[in-house]
There are 2 protein chains.
Amino acid sequence: MTSVTLGANLRHHYLFWVDYYLCSMFSKTFGHAIRATTFTAMHGINGAKVSLSDLSKQLEIPHHFLGKIMQDLVRNGILDSTKGPHGGFFANSSTMNTKLIDILKITDGVLLFEQCALGMKHCNAKRPCLLHHDFALCRDGMLKILAVKTIQELSNQTEDSQIFLI
Amino acid sequence: MTSVTLGANLRHHYLFWVDYYLCSMFSKTFGHAIRATTFTAMHGINGAKVSLSDLSKQLEIPHHFLGKIMQDLVRNGILDSTKGPHGGFFANSSTMNTKLIDILKITDGVLLFEQCALGMKHCNAKRPCLLHHDFALCRDGMLKILAVKTIQELSNQTEDSQIFLI
DNA sequence: ATAATAAAAGACCTTTATTTCTTTAATGTT
DNA sequence: AACATTAAAGAAATAAAGGTCTTTTATTAT
């Protein structure tokens with residue numbers, strides 16, 4: 001039960017304390033998706049498969065919520081899956097080369113990288129909003145990273161305990 | 001009617017096209033708040049006041065929604081207001097020195113600058129998530145700007161047509 | 001005092017995002 | 001063939017954010 005300072009938007013619902021709430025540039029779905037893809041890429045290879053139950057338990061993501069996300073990843077060719085006993089999710093030939101931006105496109109789209117940070121309809125580089133240039137700098141830095149970083153890289157770094165999936 | 005690529009989250013509701021939807025690190029409330037504060041700071045000085053109607057018309061923000069935001073800004077001392085005929089909102093002695101982060105604290109809180117980008121509960125610098133360091137870099141760049149930039153600066157830049165409120 | 005004006009306040013409604021539940025289909029095992 | 005297992009699919013529920021409406025209160029002008 002950690003006490004935090006909340007903005008008016010949040011104060012409404014969590015009046016005095018908050019256990020957990022996500023504030024990010026990205027949706028929860030995206031976070032779950034790249035964690036689950038990396039986990040699957042590391043474990044579901046050479047015929048081995050990872051079941052939804054395993055994924056959801058290991059990664060602490062709600063079972064059915066993750067199910068929908070995995071579904072979407074398979075539909076978009078990021079991963080493969082088989083049904084039935086000993087079925088599950090596994091990496092395909094392109095999984096390791098998947099860039100994070102590919103997954104973001106599936107989960108969140110890329111409006112984040114095209115739209116005005118302040119929600120001004122007619123904001124553009126020639127007629128910038130109050131934060132246009134500053135935000136563009138920050139955002140494009142992130143975009144560059146997402147466009148380059150692959151699941152392979154995340155897997156390697158996880159293997160070396162430089163980063164963590166859980 | 002612009003056609004855009006949407007993520008699964010959005011695809012649900014806007015099937016084929018989207019007129020306008022905000023994707024940002026910030027809430028709409030924050031965007032409205034800094035635009036309205038800057039506008040008021042520029043026009044509501046030396047006894048002059050800006051009415052809610054004027055603000056909402058000029059800035060194209062829904063009247064009642066902006067009302068709530070202005071209320072909150074006044075309550076937190078960013079602006080002052082008077083009721084009654086010829087009432088309205090106006091800058092006080094500290095308005096011009098208000099930093100953008102002060103307004104963000106009121107509208108969104110600062111969880112954005114403290115929390116894991118992927119929503120991992122136990123992510124921290126020593127046990128970083130897949131994007132921890134990259135996101136920290138991007139985010140802290142933005143934080144630095146918000147912590148330094150003042151309403152005074154936004155007003156001046158608007159005056160010089162370097163940036164735009166509408 | 002009365003009427004007019006405009007912000008404050010809070011209840012309420014809508015949209016978007018997240019999460020859960022239930023059913024169906026596919027696959028492998030016996 | 002019958003059964004167990006597991007993903008797929010989609011409907012439904014819940015939560016959060018965004019936005020609207022109505023009432024109240026304070027102020028000013030007449």
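Helix α6 of chain A (residues 132-148) has 17 residues and reaches 24 Å from its first C-alpha to its last, close to the 24 Å expected at 1.5 Å a residue; the expected span is 1.5 Å times one less than the number of residues. This is a predicted model, in which local features need pLDDT of at least 70, side-chain atom pairs count only at pLDDT 80 or more, and totals for chains, interfaces and linings use all residues. Residues are numbered from 1 along each chain as its sequence is written, while chains are lettered from A and ligands numbered from 1 in the order in which they are written. Helices (H or I, at least four residues) and strands (E, at least two) are DSSP runs, numbered from the N terminus.

**Helices of chain A**

- Buried residues of α6(A) (20 or more other C-beta atoms within 10 Å of their own, C-beta atoms being placed from the backbone) are A:His132, A:Phe135, A:Cys138, A:Arg139, A:Met142 and A:Leu146.
- They cover an arc of only 145° around the axis, which puts them on the same side of α6(A); the arc is that of the directions from the helix axis to the C-beta atoms.
- These buried residues pack against α5 (100-107) of chain A and α6 (132-148) of chain B, with contact meaning C-beta atoms within 7 Å.
- In α2(A), 13 of the 16 residues are buried.

**Surface near DNA strand D**

- Among the 33 residues around DNA strand D, A:Ser51, A:Leu52, B:Pro62, B:His64 and B:Gly84 come nearest; near means a C-beta atom, placed from the backbone, within 6 Å.
- α4(A) gives the largest share of this surface, six residues.

Note on methods
A residue is buried if 20 or more other C-beta atoms lie within 10 Å of its own, exposed if 12 or fewer, and partly exposed in between; C-beta atoms are placed from the backbone. Two residues are in contact if their C-beta atoms, placed from the backbone, lie within 7 Å.
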